Amino acid sequence: MAFCMRGRVAMLRVAHPPVNSLSLAARKALMEGIDAAEREGAQALVISGAGATFPAGADIAEFSNGGHLVAPTLNCLVERLHGLRIHTVAALHGTALGGGLELALACHWRVALPSAQLGFPEVGLGVLPGAGGTQSLPRLVPLDVAVQMVTSGSPLSADAALAAGLVDELLPPAAAANAADAAASGGYSLAARLAPLPFDPSRSLPLRPAPTAPGGADAFFSEAAARVRHGARGLHAPLLALEAVRAAVEAPTYAAGREAEAALFLQLAAGEQAAALQHAFFAERAMSKARGGGEAADIARAAVVGAGTMGCGIAMCFANAGVAVTLVEVGEAALARGLEGIRAVYEASERKGKLPGGVEARMRLIGGATTLDVPALREADIVVEAAFEQMDVKKEIFGKLDALCKPTAILASNTSYLDIDEIAAATSRPQLVAGMHFFSPAHVMPLLENVKGKQTSSDTIATIMQLGKRLKKKAVLAGNCNGFIGNRMLEGYVAEALFMLEEGCTPSEVDAAMRGFGMPMGPLEMSDLAGNDIGYMARRNHPRPTERYAGGIADRLVEMKRRVALGQKSKAGWYDYSAGKKPRDDPAVQALIEGYCREHNLVRRQIAEEEERCCLRAPTPPARPQPQPPPRVRTIKSATTQSPLPPQVVDRCLLPLVNEGFKVLEEGIAQRESDIDMVYLFGYGFPRYKGGPMYWARHIRPGGLPKVLSDLEKYGAVHTNVSHWKPAELLLKVASDVTATSKL
Ligand code: 3HC
C-alpha cells in the first residue's frame with residue numbers, strides 16, 4: 001500500500017499483486033491509509049490500484065470460513081469510507097470487480113480509464129456482493145441495470161458504466177504499462193478540483209433515497225425473477241442476489257437493506273454451491289500449470305491436416321488467435337467444402353456482431369493446400385493432424401510430416417483415443433510429438449487435452465500448454481492412455497447407460513435423469529451428438545471379451561439397415577432429429593430395445609422406482625427362455641423437465657466415472673484430482689456448481705468417498721462381470737484415510 005499527500009489530497013494506492021484482492025493485509029493497510037489521511041488533514045482522498053488493476057474483489061481464499069472474514073472486514077472498510085466527511089474519489093483501471101467495486105461505490109466519485117471493466121462476478125462464486133453492493137448500486141444506476149449486473153455477473157465496460165451513471169468521468173486512454181499512473185493522476189485532478197469545495201453529503205449513497213421499481217415492485221421483481229431463474233440453470237446465487245436488490249427497494253432504511261444483504265450473503269457463503277464454485281475458480285487456474293518445467297517456443301505458423309469438422313474448427317482456433325494456418329486436405333472439393341464451412345461460421349458470427357475485424361481478416365489467415373508438400377507446411381512451427389481416427393492412417397501421415405517439416409516443428413495429433421507413443425514411433429522426432437485433443441466443435445468448446453507421450457519433451461509440453469492459452473482454451477496436461485482423461489472416464493458412464501436400456505429404462509429416462517442432475521445432455525444424447533459410430537468403433541478397437549458387453553443394443557442401432565442411425569448428423573440415433581436438433585422419442589428405437597431384450601430374455605423392470613432391487617438385481621439373462629411381460633414404456637414429459645427420477649440412474653452412470661477418475665490419477669494420467677474436475681466442466685458440461693465429478697463424489701454426494709466406495713462394492717457384488725465397479729486402489733486408500741480422519 002502506498003500513501004502520500006499531494007497538497008490537500010491524500011493518495012492511497014492498493015498494492016497486493018497480482019489483482020490487488022482485498023485480503024486482510026490489504027484491508028488493514030487501507031484502514032491505516034484512511035486514518036493517515038484524516039491525521040494529515042486531507043480534504044480529499046483518492047483510492048487507486050497499483051499494477052494491472054483496481055482491486056478485483058475480496059480475497060476468495062479467505063472465504064473458506066463460510067464467508068466470515070477476519071476484521072477489519074470489507075464491511076468495516078466500507079463503513080469507514082461512508083463515515084468520512086471529505087471528498088473521496090475511486091480511480092479505476094483494469095478490473096474493478098466485486099469487493100473492489102464496492103470499495104469504489106463507498107467513495108463519492110468514480111473516474112475510470114476507457115479500458116476498465118466494472119462488475120459484480122460474485123454469483124459465479126456462489127455468493128452475492130456482500131459489502132453493500134446490492135444496496136448502493138441501485139441508488140446510483142437504473143434498477144434494471146443494477147439487477148442485470150448483480151444477477152448475471154457480467155461486467156460493464158467503462159463506456160456503459162458512464163452511460164449508466166456508475167462512473168462520473170472517463171479519463172483519456174492510456175497504455176497498459178501506464179494505466180495505474182494514468183488512473184491515479186486522473187483521480188488526483190478531480191480530487192484537487194473538489195478539495196476547496198464543501199463536502200456534498202448527497203454523493204454518499206447510503207444517504208440517497210431508496211430506488212423505486214418501474215411499474216411497482218411486485219410486477220418488476222416477479223418478471224425479473226422469471227428471467228433470472230431461466231438463466232441461472234440450477235445456481236442459487238442469482239435469485240438470492242435479486243432478493244437482495246429487492247431489499248434495497250423495500251427495506252425501510254439503507255441499514256436494514258444492508259442487514260438483509262448480509263443475511264443472504266452468509267446463507268449463500270455457507271452453502272455447497274459456493275464451496276464448489278470456489279473450488280472451480282482455483283482449479284481452473286491450476287489446470288494450465290504443467291509440472292516439469294520446459295521452455296515454450298513461439299508459434300508463428302501452423303498447419304492442420306484434415307478439413308473435416310474437427311480440422312476446420314482447429315484451423316479457426318488458430319486464425320482467431322491471429323496465427324496464420326494452412327489447412328491441408330486431399331482433393332480440391334473436400335478442401336473447398338471445408339473452407340466454405342469456415343466462411344459460413346464466420347459470416348454467421350459477423351451477422352450477430354461477434355466478429356471483430358470481419359470475415360475477410362480471418363479468412364486471410366487461413367490458407368488451403370491439397371498436398372503436404374507445400375512451403376507453408378514445411379515452414380510451420382506446429383502441425384496438428386485431424387485426419388481419420390485410424391492408427392495406420394495417422395502413422396502414414398506422421399511419417400510424411402516428419403520427412404517434410406522443419407526439424408524443430410511440433411507434430412501433434414488430435415486423436416481422441418489412439419496411442420501417442422505408437423504415432424510418435426512413426427517419426428524420427430518423438431520428443432516433438434504430442435496429442436492435442438480438441439473437443440467438438442473445436443472453435444467453440446473450451447477444453448484442450450494436451451497429451452504427453454513417453455518421449456515428449458518438457459519444452460514441447462510447455463509450448464503446447466502456452467499455445468492452448470493463446471488459443472483461449474482451457475488446456476490441461478494428460479498422460480497417454482486409451483481416451484486420455486475425459487473419454488477414458490466416459491467408458492463406464494456410457495456403458496451403464498446402455499445396460500440400463502437392457503434392464504428397463506428408455507433412452508429419455510436415462511438422459512432426463514442426467515439432465516436433472518445438471519448435465520447439459522444425457523449420455524445417449526451425447527452419443528448422438530458425437531456420432532454413435534465412434535462408440536461402435538471404440539468397442540471394436542478395445543474389446544473386453546470377458547465382460548458383460550455394453551454395446552448389444554447400440555451396435556444394432558448403428559447397423560440398422562433401414563437408415564444410418566449415427567446420431568444427429570444422420571438425423572436419427574437414439575432419438576429422432578428429423579424435425580430439428582431437439583431430440584424426440586423414436587418408437588422404432590424403443591421397438592429395437594424391446595426386441596433385443598426379448599431375444600436375449602432380459603426382463604425389463606422399473607429401474608428408476610425401486611432403488612434397492614435395482615441396485616442389487618443381477619443383470620444376467622435367465623438361463624432358459626421365458627415368456628416376457630410386456631415391456632413398460634414410460635414417457636418423460638420434455639427434454640427440459642427436471643427429472644423426477646431418484647438418484648440411482650445418476651449413480652450408475654457417475655460412480656464408474658469417478659472410480660475411473662481415481663485410476664487415472666493413480667496412473668499419473670492426470671496431474672491433479674482437480675484437473676479431472678476441470679476436464680468435465682469444460683469438456684462435458686458437468687455443472688460448475690457441483691465442482692466436477694471428483695469434487696462431487698468427495699464433498700457433495702452424501703457420505704463422501706467412503707460411501708462412494710461402499711456403493712461401488714455393492715454394485716460390484718451384483719455386476720460381477722463388469723470391471724468398472726472394481727474400486728481403484730487409490731480410492732480404497734483415500735476413502736480409508738477419510739474414514740480414519742473422521743474418527744479422530
Ligand atoms: N481472490 C484471490 N485470488 C485471486 C482473485 C481473488 N479475488 N482473483 C484472482 N486471483 C488469483 C488467481 O487465483 C491467480 O492466482 P495464481 O496465479 O496463483 O493462479 C492470480 O490471481 C491471477 O488471476 P488470473 O489468472 O485469473 O488473472 P487474469 O489476469 O486472467 O484475470 C481477473 C484477472 C479478471 C481479475 C480474474 O482473476 C478474476 O476474475 N478474478 C476474480 C474476480 C472476482 O470474482 N471478484 C469478486 C470476489 S468475491 C467478492 O468480492 C465478495 C464481496 O462482494 C464481499
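Me: In which loop is His 600 found?

Reply: In this predicted model, His 600 is found in the loop between helix H24 (587–599) and helix H25 (611–616).

Me: Is Thr 739 buried, exposed or partly exposed?

Reply: Thr 739 is partly exposed, because 13 other C-beta atoms lie within 10 Å. Thr 739 has its place in helix H30 (residues 729–743).

Me: Why does Leu 432 count as buried?

Reply: Leu 432 counts as buried because it has 23 C-beta neighbours inside 10 Å. Its place is in the loop between helix H17 (420–424) and strand S15 (433–438). If neighbours within four places in sequence are left aside, Leu 432 is in contact with Ala 409, Ile 410, Leu 411 and Thr 460. By contrast, a separation of 59 Å lies between the C-alpha atoms of Leu 432 and Ala 247, 185 residues apart along the chain.

Me: How is a positive phi to be read, and which value does Arg 233 have?

Reply: Arg 233 has phi near 45 degrees, a positive value in a residue other than glycine. Arg 233 is placed in the loop between helix H8 (217–232) and helix H9 (237–250). It is exposed, because 12 other C-beta atoms lie within 10 Å.

Me: Is Phe 484 buried or exposed?

Reply: Phe 484 is buried, because 26 other C-beta atoms lie within 10 Å. Phe 484 is not a glycine, although its phi is positive at about 55 degrees. The residue lies in the loop between strand S17 (474–479) and helix H19 (486–503).

Me: Where are cis peptide bonds found, taking omega as the guide?

Reply: Pro 18 has its place in the loop between strand S2 (9–14) and helix H1 (24–39). A cis bond also joins Ser 440 and Pro 441, where omega is about -10 degrees. Pro 441 is placed in the loop between S15 and strand S16 (447–452).

Me: How many residues of helix H20 (residues 507–517) are buried?

Reply: An α-helix has 3.6 residues a turn, so residues three or four places apart point the same way. Helix H20 is mostly covered, with 10 of its 11 residues buried. Among them are Val 510, Ala 513, Met 514 and Phe 517. The buried residues of H20 pack against H19, helix H21 (523–530), H24 and helix H26 (648–666). Gly 518 follows H20 and has a positive phi, near 125 degrees.

Me: At what angle do H11 and helix H28 pack?

Reply: A helix pair is described by angle, axis distance, handedness and the residues that meet. H11 and H28 (residues 693–700) pack at about 140 degrees, with their axes 11 Å apart. Their crossing is right-handed. On the H11 side, Glu 272, Ala 275, Ala 276 and His 279 meet Tyr 695, His 699 and Ile 700 of H28. By class, this contact has four nonpolar, two polar and one charged residues.

Me: Which residues are closest to the ligand?

Reply: A ligand shell may be read by its members, the elements that supply them and their classes. Here 24 residues surround the ligand, and the closest are Ala 56, Gly 57, Ala 58, Gly 98 and Gly 99. Strand S5 (95–97), helix H3 (99–105) and helix H11 (272–286) each supply at least two residues of this shell. The shell divides into 13 nonpolar, seven polar and four charged residues.

Me: Which domain does UniProt place at residues 302–480?

Reply: The unreviewed UniProt entry gives "domain: 3-hydroxyacyl-CoA dehydrogenase NAD binding" for that span. In the model, residues 302–480 are 41% helix and 22% strand, and the end C-alpha atoms lie 23 Å apart.

Conventions. Residues are numbered from 1 along each chain as its sequence is written. This is a predicted model: local features need pLDDT of at least 70, side-chain atom pairs count only at pLDDT 80 or more; totals for chains, interfaces and linings use all residues. A residue is near a molecule or strand if its C-beta atom, placed from the backbone, lies within 6 Å of it. Helices (H or I, at least four residues) and strands (E, at least two) are DSSP runs, numbered from the N terminus. Ala, Val, Leu, Ile, Met, Phe, Trp, Tyr, Cys and Pro count as nonpolar, Asp, Glu, Lys and Arg as charged, and the others, Gly among them, as polar. UniProt positions are given in the numbering used here, feature names are shortened, and annotations may be inferred rather than shown by experiment. Axes are lines fitted to C-alpha atoms, for helices over the stretch in contact, and angles run from 0 to 180 degrees between N-to-C directions. A crossing is left-handed if the near helix is turned anticlockwise from the far one by less than a right angle, and right-handed if clockwise. Two residues are in contact if their C-beta atoms, placed from the backbone, lie within 7 Å. A residue is buried if 20 or more other C-beta atoms lie within 10 Å of its own, exposed if 12 or fewer, and partly exposed in between; C-beta atoms are placed from the backbone.
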